[in-house]
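I am keeping these notes while going through one chain residue by residue. Each entry records what I looked up and what I found.

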Amino acid sequence: MGRARKSKTSKRDKYASFGDMADEADEDADLPKDEAGRRKIKRQYGELLGIRIEKLRGRILNRERINKTIEGIYFICAACLKVCHSLDDGFSEDPANQNNLCGACAKAQAAATSAAAAAAKESGGPSRRPTRSTRKRAAAS
């Protein structure tokens, strides 16, 4: 009995993901080795978490010790919902760990806050009621 031949298309489909990985490796080729590794891990976190990124927004995913003094942190930015690393993207830490922001979003938020404060100052600030009562007191007779 003879063997049945396999079609060549099934073999190509089996290894189709290697082409995608080669393209990603070409993009990261001009980066230092450690930064390229962090990009790869960020991509993997994004694929792994998928739609759960919305649920985990602003939270820390992982902490890593780079050397004795430097700690790297993978987190999801609460504003832009991207997986970020503290060394690459900056890190604005929230004490409650619910609203961590990347450097770009923290700058944008600070600029928006200062612009809102400047606008409120120009408009005279919040309207205050006078501290004295406007009612006339009844004269004692």
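I began with Leu81, which is partly exposed at a relative accessible area of 26%; I use partly exposed for values between buried, under 20%, and exposed, over 50%, with a 1.4 Å probe and protein chains only. Leu81 sits in the loop between strand 2 and strand 3 (83–85), where I take helices (H or I, at least four residues) and strands (E, at least two) as DSSP runs numbered from the N terminus. Its phi is positive, about 60 degrees, although Leu81 is not a glycine.

A note on the source: this is a predicted model, in which local features need pLDDT of at least 70 and side-chain atom pairs count only at pLDDT 80 or more, while totals for chains, interfaces and linings use all residues. Residues are numbered from 1 along each chain as its sequence is written, and side-chain values use heavy atoms, with hydrogens and water left out.

Next I looked up Asn97, which also has a positive phi of about 60 degrees without being a glycine. Asn97 belongs to the loop between helix 4 and helix 5 and is partly exposed, with a relative accessible area of 27%.

I then turned to Gln98, in the loop between helix 4 (86–89) and helix 5 (103–122), and found it partly exposed at 44% relative accessible area. Gln98 and Gly58 are 40 residues apart in sequence, yet their C-alpha atoms are 5.1 Å apart in space. Leaving out residues up to four places away in sequence, Gln98 touches Arg57, Gly58 and Arg59, contact meaning heavy atoms within 4.5 Å. With Arg59 there is a polar contact from side chain to side chain, at 3.1 Å; the term covers a pair of N or O atoms within 3.5 Å, where within protein one must be able to donate a hydrogen and the other to accept it, and residues adjacent in sequence count only if both atoms are side-chain atoms.

Is His85 buried or exposed? I found His85 buried, with a relative accessible area of 0%, and placed in strand 3. A polar atom of the His85 side chain lies 3.1 Å from the backbone nitrogen of Leu87. Beyond residues up to four places away in sequence, His85 touches a list of residues including Arg38, Lys42, Glu64, Tyr74 and Gly90.

In soluble globular proteins, nonpolar side chains tend to be buried together.

I also checked Ile70, which lies in the loop between strand 1 (60–65) and strand 2 (71–76) and is partly exposed, with a relative accessible area of 34%.

Last, I noted the figures for the whole chain. The protein chain has 5 helices and 3 strands, and its elements run α-α-α-β-β-β-α-α from the N terminus on. Of its 141 residues, 18% are buried. Among contacts between residues at least 6 apart in sequence, 33% join residues at least 24 apart.
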